Amino acid sequence: MNEIDEQLREIIPRLRRFAVSLTRNPSSADDLVQSSLERALSSWADKRPEGDLRAWLFSILYRQFLDAHRRTRRYARMLEFFTGRDDAQPSVERTVIAQSTLQAFDQLTTEQRALLLWVSVEGLSYKEVAEILDVPTGTVMSRLSRARQALRQLSDGEITSPSLRILK
Amino acid sequence: MISMPPSERDLHAYVDHQLDDADRRLVKTYLENNPEAAAQVRAWQQDAQQLRAALSGALQQPVNQELDPALIRQRLKHQSHRHLASAAVLLIAVSVGGLSGWQAREMTLPGAPPPMTDAMQAYRLIAQQGILPADYKVNADGDMQGWLDRYFTRANRLPDLSGAGFKPVSGRLLSTEQGPAAMVVYEDQGGHKISFYVRPPGPKNYLLPRGSRSDGELQAEYWSGSGYNYAMVSPSDTPAAQMLKQTAQF
């Protein structure tokens, strides 16, 4: 038990970093980490696969984020229905033109941010990423290629992402 | 073994150190003779490096004790004990008798929140912390009542607080489990804020008698009418709060 906790303590800073890159907000990031750890610890006995503990925890956290994100989006759509406008994100965010890598990174889609963090920053193998996303390795490679291209273009300030122009 | 020239995927795999040694050497030689591909690869490597540098700070956050595995383990155990305990209470109670069983169920479930908890929460989010932006702001010819009427046609009129120097300045629509709610913020010259909150009656459809409640630093005056519940929220111990408390009828 203690040995597992030691391993977890080492990984927690990485989980928190990943959560911040998804949520862009430190306090909701920690909530996400907490609920992911709860899930991991309560399903430890029957779900924990052989192999990299880090990859397994990343995948739990990613799923939880996507689920929560879907719920918030539904809520935002409901608000939009009542008020006739979209409050989900401040409009300033939409118009920022990327200048630094981090700003560019923040403009990528959720999956692209996760991919680049797993591969470029955490050094997970394509196979591990394929298992997290539940897609073939080839698909991981082509999505990674698109993510890199997007990051490159955004940090060059060549384009603002198309989604930036959709709404007022 | 990869084929030459390397595909774009092979170049990515090279950047990510995912090629075996033989393939890695092949790509390396290829890049030495192909400046264009080499520049491309270098750009990707630089981006990855910058990303690692930019995100390295996020690893240095102070430790959050709430996230400690031992603590989480303890909490989980505690929770499952509690669930088991509630289940046991239910079982005994149900076997003792239908009516008392039902009462035990009520006792083990958390009670309903006190009235107008959401009105106070909305005041904190909107008037105090400014987390939620206003949907509607009154300008020179603005008509707050008109905005409110778009969503709550039958509701009571907005209270007139101009006697105390307060005027409606902005409004925001919110959602509750029972349907849309709205909050209108009043402000006086000194920037003091009072909010008017209107919502459909709660889960059991309770209408509220005229009442007053304080929670932390806030005070709410509430009442019902025309099928809705209403609250006026302001910070406690202010002249505005006194004024609201003494108003019998809004």
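**Entry 1. Terms and model**

I take two strands to pair if DSSP finds at least two bridges between them. I note at the outset that this is a predicted model. With that criterion I looked up β6(B) and β7(B), which run antiparallel and are joined by eight bridges. Within this pair, B:Y222 has B:A231 in β7(B) as its bridge partner. Two residues lie between the strands of this hairpin, and B:S226 in the turn shows a positive phi of about 50°.

**Entry 2. The two chains in outline**

I then recorded the secondary structure of each chain. Chain A comes to ten helices and zero strands, so that I read its pattern along the sequence as α-α-α-α-α-α-α-α-α-α. Chain B has eight helices and seven strands.

I also noted burial. Chain A has 168 residues, of which 31% count as buried; chain B has 250 residues, of which 27% count as buried. For contacts with a separation of 6 or more, residues 24 or more positions apart account for 61% in chain A and for 48% in chain B.

**Entry 3. Helix α2 of chain A**

I checked the length of helix α2 of chain A, residues 26–42. At 1.5 Å a residue, its 17 residues should span 24 Å, and the end C-alpha atoms are 24 Å apart, which agrees. Which residues of α2(A) are buried? I found A:A29, A:D30, A:L32, A:V33, A:S36, A:L37 and A:A40. These cover an arc of only 155° around the axis, which means that they lie on the same side of α2(A).

**Entry 4. The sheet of chain B**

I followed the seven strands of chain B through an open sheet with the order β1-β2-β3-β4-β7-β6-β5 and antiparallel pairing. Which strands are at the edges? They are β1 (136–137) and β5 (211–215) of chain B, each of which pairs on one side only.

β5(B) pairs with β6 (residues 218–225) of chain B in the antiparallel sense over five bridges, and B:S214 stands opposite B:Q219 in β6(B). Their hairpin has two residues between the strands, and B:G216 takes a positive phi near 60° there.

**Entry 5. Strand β4 of chain B**

I looked at both partners of β4(B). On β3(B), the pairing is antiparallel with six bridges, and B:E187 has B:K193 in β4(B) as its bridge partner. Five residues lie between β3(B) and β4(B) in their hairpin, where B:G191 in the turn has a positive phi of about 80°. β4(B) also pairs with β7(B) over five bridges in the antiparallel sense; here B:R199 stands opposite B:N229 in β7(B).

How many residues of β4(B) are buried? Seven of the seven are, so the strand is largely enclosed by the rest of the structure. I recall that side chains in a regular strand alternate between the two faces of the sheet. In β4(B), I find B:K193, B:S195, B:Y197 and B:R199 pointing one way and B:I194, B:F196 and B:V198 the other way, all of them buried.

**Entry 6. Helices against the sheet**

I searched for helices lying on these strands. Helix α8 (residues 239–246) of chain B lies across β4, β5, β6 and β7 of chain B and runs at about 150° to β7(B).

I next examined B:A122, which is placed in helix α6 of chain B. Is B:A122 buried or exposed? It counts as buried because it has 24 C-beta neighbours inside 10 Å, where 20 or more are required. Leaving aside neighbours within four places in sequence, B:A122 is in contact with B:L174, B:M183 and B:Y197. I also noted B:A182, which is 60 residues from B:A122 in sequence and 9.3 Å from it in space, C-alpha to C-alpha.

**Entry 7. Where the chains meet**

Finally, I turned to the contact between the chains. It takes 37 residues from chain A and 29 residues from chain B. On the side of chain B that touches chain A, α1 (8–15), α3 (35–56), α4 (69–96) and β2 each supply at least two residues. Which element of chain B gives the largest share? It is α3(B), with nine residues. By class, I recorded 15 nonpolar, six polar and eight charged residues on this side of chain B.

Methods. Residues numbered from 1 in each chain as written. Chains lettered and ligands numbered in written order. Predicted model: local features only at pLDDT ≥ 70, side-chain atom pairs only at ≥ 80, totals over all residues. Helix = DSSP H or I, 4+ residues; strand = E, 2+ residues; numbered from the N terminus. Expected span 1.5 Å × (residues − 1). Buried ≥ 20, exposed ≤ 12 C-beta atoms within 10 Å, placed from the backbone. Arc of directions from axis to C-beta. Contact = placed C-beta atoms within 7 Å. Axes fitted to C-alpha atoms, helices over the stretch in contact; angles between N-to-C directions. Nonpolar A, V, L, I, M, F, W, Y, C, P; charged D, E, K, R; others polar.
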